[in-house]
Amino acid sequence: MRNVPDPLADERTMLEQFLDFHRATLLQKCQDLSAEQLSAAPLDSKLSLHGLVRHLSRVERWWFRMVIGGLDLPPLHISRENPDLDFDEAIPQTWEDDLALYEGEVAAARDMIADLPLDYEARGFTLRWVYVHMIAEYARHNGHADLIREQLDGRTAV
């Protein structure tokens, strides 16, 4: 369920609410579709809803846990040989596992930054910058998700 961000919230709350709004938007685009539809790339590209979920799992892990948190974790869905594994390996058989991984990365990201101030700095980035970057990342990919969803079943404004 998407909650509209509070326009009177303090800065930290507003950033959290906008990011959560975009996270929920992505998942809303995936509702009521089969694993086959989610993994389909109906545009003239590799983009699929499933691939976007895999990609954003990778991005959540990278920015919140590896950059801000400083954790030494293996990157998700990418290799030197294939930087597009997030989309290339988005197959129907892995949808449920990939969705669970995404949800786990979001939860881990929230836990990692819960007690950090917005001015917290790691590897040349503040937590504030990472929030703004992630909101932009989701907004861009949710635009892709809109187009994909419309091509899959004609639904808009999902």
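Biologist: How do H1 and H6 pack, at what angle and how far apart are their axes?
Modeller: This is a predicted model. In it, H1 and H6 pack at about 25°, and their axes are 9 Å apart.

Biologist: Roughly parallel or roughly antiparallel?
Modeller: Roughly parallel. The angle is about 25°, and angles under 35 degrees count as roughly parallel.

Biologist: And the handedness of that crossing?
Modeller: Left-handed, as H1 passes H6. By class, this contact has 13 nonpolar, four polar and eight charged residues.

Biologist: Where does His22 sit?
Modeller: His22 is in helix H1, which covers residues 11-30.

Biologist: Buried or exposed?
Modeller: Buried, because its relative accessible area is 14% and the limit for buried is under 20%.

Biologist: What does His22 touch?
Modeller: Leaving out residues up to four places away in sequence, His22 touches Ile135, Tyr138, Ala139 and Asn142.

Biologist: Which other H1 residues are buried?
Modeller: Besides His22, the buried residues of H1 are Arg12, Leu15, Leu19, Arg23, Ala24, Thr25, Leu26, Gln28, Lys29 and Cys30.

Biologist: Which helices do those buried residues pack against?
Modeller: The buried residues of H1 pack against H2, H3, H5 and H6.

Biologist: What is the end-to-end reach of H1?
Modeller: H1 has 20 residues and reaches 29 Å from its first C-alpha to its last. At 1.5 Å a residue, 28 Å is expected, and the reach is close to that.

Biologist: How about H6, what span should it have?
Modeller: H6 runs over residues 127-153, so its 27 residues should span 39 Å at 1.5 Å a residue. Its end C-alpha atoms are 38 Å apart, which agrees.

Biologist: What follows H6?
Modeller: Gly154 follows H6, with a positive phi near 80°.

Biologist: Which residues other than glycine have a positive phi?
Modeller: Asp32 is one of them, with phi near 65°. His77 is another, with phi near 55°. Most residues other than glycine have a negative phi.

Biologist: Where is Asp32, and is Asp32 buried or exposed?
Modeller: Asp32 is in the loop between H1 and helix H2 (35-39). Asp32 counts as exposed because its relative accessibility is 66%, and the cut-off for exposed is over 50%.

Biologist: What about Pro74, where is that?
Modeller: Pro74 is in the loop between H3 and H4. Pro74 is exposed, at a relative accessible area of 55%.

Biologist: What separates the C-alpha atoms of Pro74 and Asp32?
Modeller: 32 Å. Pro74 and Asp32 are 42 residues apart along the chain.

Biologist: Switching to H3 and H5. How do their axes cross?
Modeller: The axes of H3 (residues 49-68) and H5 (residues 95-113) come within 9 Å and cross at roughly 25°. That makes H3 roughly parallel to H5. The crossing of H3 and H5 is left-handed.

Biologist: Which residues meet there?
Modeller: On the H3 side, they include His50, Val53, Leu56, Glu60, Phe64 and Ile68. On the H5 side, they include Trp95, Leu99, Tyr102, Val106, Ala109 and Ile113. The residues of the contact of H3 with H5 divide into 13 nonpolar, two polar and six charged.

Biologist: Ile113, buried or exposed?
Modeller: Ile113 lies in helix H5. Ile113 is buried, because its relative accessible area is 5% and buried means under 20%.

Biologist: What does Ile113 touch?
Modeller: Not counting residues up to four places away in sequence, Ile113 touches Arg12, Phe64, Ile68, Leu127 and Tyr131.

Biologist: Which residues are buried in H5?
Modeller: Trp95, Asp98, Leu99, Tyr102, Glu105, Val106, Ala108, Ala109 and Ile113. The buried residues of H5 pack against H1, H2, H3 and H6.

Biologist: Last one, what span should H5 have?
Modeller: H5 has 19 residues, so at 1.5 Å a residue the span should be 27 Å. Its end C-alpha atoms are 27 Å apart, which agrees.

Technical notes. Residues numbered from 1 in each chain as written. Predicted model: local features only at pLDDT ≥ 70, side-chain atom pairs only at ≥ 80, totals over all residues. Heavy atoms only, no water. Helix = DSSP H or I, 4+ residues; strand = E, 2+ residues; numbered from the N terminus. Buried < 20%, exposed > 50% of the residue type's maximum accessible area, 1.4 Å probe, protein only. Contact = heavy atoms within 4.5 Å. Axes fitted to C-alpha atoms, helices over the stretch in contact; angles between N-to-C directions. Parallel < 35°, antiparallel > 145°, perpendicular 65-115°, else oblique. Left-handed = near helix turned anticlockwise from the far one by under 90°. Nonpolar A, V, L, I, M, F, W, Y, C, P; charged D, E, K, R; others polar. Expected span 1.5 Å × (residues − 1).
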